[in-house]
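Trainee: I have a structure to go through. Can we test each label against its definition?

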Amino acid sequence: MNPSAWSKSKTKTEKLEIFICDQAKSGITASFVCVTETWLKGFHHDEQIAIPGYNVTRSDRYGRVGGGVLLYSADS
């Protein structure tokens with residue numbers, strides 16, 4: 001995900017959600033999904049990057065361009 005081009009980041013979140021759902025249909029359930037180089041900042045709210053069935057934990061990188069990590073962990 002690269003929200004530096006925020007108009008495209010929603011599409012990237014949707015693609016990740018579709019990938020996770022397709023894997024679940026195949027019988028593969030991810031307990032954790034880690035995303036690096038998120039480029040998220042404080043004005044990006046968790047609700048904007050939420051995927052149903054997963055909790056969001058993130059560490060944004062402040063004061064520099066790039067970086068940041070995001071962890072989706074299954075509700076179960």
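Mentor: Start with C34. It is exposed, at 54% relative accessible area. This is a predicted model: local features need pLDDT of at least 70, side-chain atom pairs count only at pLDDT 80 or more, and totals for chains, interfaces and linings use all residues. Residues are numbered from 1 along each chain as its sequence is written, and side-chain values use heavy atoms, without hydrogens and water.

Trainee: Why is C34 called exposed?

Mentor: Exposed means over 50% relative accessible area, buried under 20%, partly exposed in between (1.4 Å probe, protein chains only). C34 has 54%, so it is exposed.

Trainee: What makes C21 partly exposed?

Mentor: Its relative accessibility is 38%, so C21 falls in the in-between class.

Trainee: Why do D46 and R58 count as a salt bridge?

Mentor: The definition asks for a side-chain nitrogen of Lys or Arg within 4 Å of a carboxyl oxygen of Asp or Glu. The closest N and O atoms of D46 and R58 are 3.0 Å apart, so the pair qualifies. D46 lies in helix α2 (residues 46–49), R58 in strand β2 (residues 54–59). Helices (H or I, at least four residues) and strands (E, at least two) are DSSP runs, numbered from the N terminus.

Trainee: What joins D46, R58 and D60 into one network?

Mentor: Salt bridges that share partners. R58 also meets D60, at 2.7 Å from N to O.

Trainee: Is D60 buried or exposed?

Mentor: Buried, because its relative accessibility is 14%.
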